[in-house]
Amino acid sequence: MGLLRWLPALLVLLRPPGVQPADPIRAFVVPHSHMDVGWVYTVQESMRAYAANVYSSVVEELSRGPQRRFIIVEQEFFRLWWDNVASDTQKRQVRQLLDTQRLEFVLGGQVMHDEAVTHIDDQILQLTEGHGFLYETFGIRPRFSWHVDPFGASATTPTLFALAGFDAHLISRIDYDQKEAMQEAQELQFVWRGSPSLAEHQESFTHIMDQYSYCTPSHIPFSNRSGFYWNGVAVFPEPPPDGVYPNMSEPVTQANIDLYAEALVANVKQRAAWFRTPHVLWPWGCDKQFFNASVQFSNMDPLLDHINSRAAELGVSVQYATLADYFSALHALNATWNTRAHQDFLPYSSEPFQAWTGFYTSRSTLKGLARRASALLHASESMFTRHMWPAPRGTLDPTWALQQLQQLRWAVSEVQHHDAITGTESPKVRDMYQQHLAVGMLGAQKLMAAIILDQLTPGERPATDPGAASEGHSAMVYNPLAWTVTTIVTLTVGFPGVLVTDESGRPVPAQIQNSTATPSAYDLHILTTIPGLSYQHYRIRPTTRVQEGVREPAATVASTTQFGRKLRRRTSSRDRHLVPVVNDCYTLFMDPNTNLMHSIRESWRNRTVHMTQELLEYHANGDVKQGPISDNYLFAAHQAALPAWGAVGMEIMTGKLLTEVRQYFYRTPTDKEHTYAIHTRLAHVSPQGSDDRELLCGRIEQEYRVGPLDLNREAVLRTSTDLDNQQVIHTDNNGYQMQRRPYRTHANNSIARNYYPMVQAAFIEDSQSRLVLLSERAHGVSSQGDGQLEVMLHRRLWNNLEWDLGYNLTLNDTSVVRPTLWLLLGPRPVTAALGPRGGLALQHRPVVWYGELTGTAPGPPGRWQQTSVTLPPNLHLQTLSLPGWTYKSNHTEHQQGLQAGRRGETNLRRVLLRLHHLYEVGEDPVLSQPVTVDLQSILQGLGTLGAVEERSLTGTSDVHKLGRWSWRTRTRLPHEGDSSPTPRPPEDATIRVHPKEIRTFFVHFREPSGAAHPPTLTLVYTQISHNTGRATAVNNFISTQARSLRPANDDDGFLCWSCYDQSCGG
């Protein structure tokens, strides 16, 4: 940071031709309030203390001054105010302010989502929920982003926002030294082509805020109070009764107005030197501001008037503005902008020893729960859609069903906030997020159970009488992916002898072994193959002998080989005896002298890669007097990670269906309980015949048990190989695309600054092989040495930094976490083809229902075999949903209805469909090709298509009428039309999807003759009662499972009501 960073710079720096102004600098003062949906205070506490007052007072003050402006960002707070606080008069004022463009909604999502550790599916969900509300209520569609507080910027975001129809994108937090360099070079504005495959077709003009970020400069030279914050600082838990808040700025008076004007103008000029045009965006606001908009505007109004009266003298004119005002003026300059390729702005450091890379792992429990909730929502959405089309079956109340879905949509959207899934919130706010997720997940489970009950025969229904004799168990398995999936589902049963049969009574391959979680129980593994969006139904009966007439015996029993504990310091001789664990794709060699993995041989090219795994810990400093600290946000490593174990035990469970290696790591050789465990699983399935079987054979599944940790420890899994990766690691942006990450040496904090977020995938490679990790939750990852791939699994921290203590942000996390990783090892072409599908298979594992039977009579064979929904292997069915929106697809008709005050009806005839091409251009010779699909063919199980409309990403616009702005670059002339190509309307429901495209459609089905069709209804999101007998049956079904299920992952603190993550018990 040089001296020039702090001094006003001259305005004679190089500007592009035709841009250098003759007029004064034009400052656009954008009033705003940054309102975190959580963080330190719960949503309810924030609404009571300040948030409701922001909207009430802003609406009143904007109505009093036609020159005033304001932008609103997060919809969760606004929706709560609109539904529960706003009067009819205030609602009319809001509509008038929107019509006159004095009030503007920007971004428009439920929250301002994090960009580092969120998955693209969840980003789209929360954006869709907010945009749907805004369009339904006001008929408006946000045109600009305002992503000012996420901790680093992903290259996925400009592509996502382009697909949503935004005309410009605004960010703030990027690495401090990179921002300084971009300021000095006047490169804070550019056209960002975030996707290497889509490039200029889905680009976004991007503005990076300067070093002052989204807050008004607080220091003014003539006062010891903050400047420009006349309403002071919000007070919790209630506003002060006298209206006097802490740190209220000095009021503007005749005595100090010149001083205020000089301070504001000096700051505007300093900022102007960092940009290439005469237009300066000057954000007015900060966290929790404008709860008293009256005092804010009454002071700023005369100040702006005073500056404008001296504009010629001061060289600056000022005006209140929205983002539309600012970007419209910028666009009208018709300047030529630089382009940026698909590089992101991660990781983010705010100072040399403040690397914001700790939050990639913080609160791993919440990260895992959020992703499991998202997967459950994805499955329940498609289940409900399939239940309603081509005709509703049973007595399910669609109003109640949509309530359950909406509850989980909102909970999953909420936790994407940049102080939620990041793990940077206080404990009480974490509890709020988890409670909302748990309630939403339970509602979705009740809905799914109701759908299952509608299709069960009386003999298949779960027993509801605890005293009734059991006739065995029933397991229902649903595949939420639009491909055929072959996998192994795991149940926990109380009996060692089991016979598993399918719907037709045929035996099914299964294996039983001692449970990993319950000593007195058994893990039952069942091999299942399920077509896309379809069910498999299994009957499970205890048995002690081979059944007469059955072609195969009961489930095979795994054998166990125990290996004694081995000390960490022990080394083995050169001619060591290795224990092989073999399937058709891999041979894992375990070293019994160390009880560690030694190497892996892959079968595609028969290459053996030396590979060891061990658990280590970084020892964090907790005393600010002793140096930099780690906390929820920050990772500050003072030395290399140290081994976290003194001894390791091992056992190998060998079976016909799978083999499992269990390693237990003890802090000291004499400890009775292990702190860490690794369970490694290989499936004995031939890879021949189908892609899904190759994926099952070609993955090494690992589940970890980590914790509880000692205080100020950060636990990592380090996989060391002989791959010559030159310390280059590749990690994903939001499960959408990969980024190459070479190791960079910094003067300070190099370990932490070379950590990157892994949301779904990471890999290292050399010229022959690639090692891929696939994850079901976010982690921080790094390559700290050649051939190393390091994953941070868990953190427990405390420090005495006053700020952390004051907000309870020290991360004293005493939980035990159980993350899962899948490993792929092989030639680049093999792993590149399997990786994207594997990541989705891990995220969206089959959903399992399991309960006792009341009878032995099976239903008719084939009853569960609906027509499958099957896509080509490079296409992902990202969304199949009945969103239940009330708005009309035709924009003019919708606007007319709003103006007439007509309330729309919930439309259950409109299905939301998204298709996502998984591969980059050139990634695979076959899978990277554009793919043509016939929607009628792939959706035939839902009925006959009546109409197909292509929409913007969030569904609120006809994609052919988006009309996004085009920004001049060196490779494109200005105003050549929309920056993205206009897709052709589907012809006969046939569409073509190019690499990395995400295409969104409204699909309308024809009503089958003589069949009941999904109704159009008015939906009110309050508690709605439904048939009492049916509710009892559903609740009993859930309760039956609750008594028998073990938590699939103990770390979430909530019972796994059904086995949406592939593992449940009985």
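**Close-up views of a predicted model**

**View 1. The second largest pocket has a volume of about 1,500 Å³.** The model is predicted: local features need pLDDT of at least 70 and side-chain atom pairs count only at pLDDT 80 or more, while totals for chains, interfaces and linings use all residues. Residues are numbered from 1 along each chain as its sequence is written, and side-chain values use heavy atoms, with hydrogens and water left out. A pocket is an open set of points, on a 1 Å grid over the protein atoms alone, where a 1.4 Å probe fits, with protein on both sides within 12 Å along at least five of seven lines; lining residues have an atom within 4 Å of a point. The volume is the space filled by probe spheres set on the points, which are joined across faces, edges and corners. The lining of this pocket comprises 47 residues, and R173, Y214, Y348, W356 and W803 lie nearest the centre. At least two lining residues come from each of α6 (176-184), β10 (349-351) and α16; β10 gives the most, with three. Helices (H or I, at least four residues) and strands (E, at least two) are DSSP runs numbered from the N terminus.

**View 2. A disulfide joins C215 to C286, with an S to S distance of 1.9 Å.** C215 lies in the loop between β6 (204-208) and α7 (257-272) and C286 in the loop between β7 (279-284) and α8 (293-309), so the pair ties together parts that are 71 residues apart in sequence. The structure as a whole holds two disulfides, each a pair of cysteine sulfur atoms within 2.5 Å. Because the torsion about the S-S bond of C215 and C286 is about 60 degrees, this disulfide is right-handed.

**View 3. C585 and C697 form a disulfide, their sulfur atoms 2.1 Å apart.** C585 lies in the loop between β20 (579-582) and β21 (586-591), whereas C697 belongs to helix α14 (residues 691-697), so the bond ties together parts that are 112 residues apart in sequence. The torsion about the S-S bond of C585 and C697 is about 125 degrees, and the disulfide is therefore right-handed. C585 and C697 are buried.

**View 4. L805 is located in helix α16 (residues 802-807).** With 41% relative accessibility, L805 counts as partly exposed.

Key: Buried means under 20% relative accessible area, exposed over 50%, partly exposed in between (1.4 Å probe, protein chains only).
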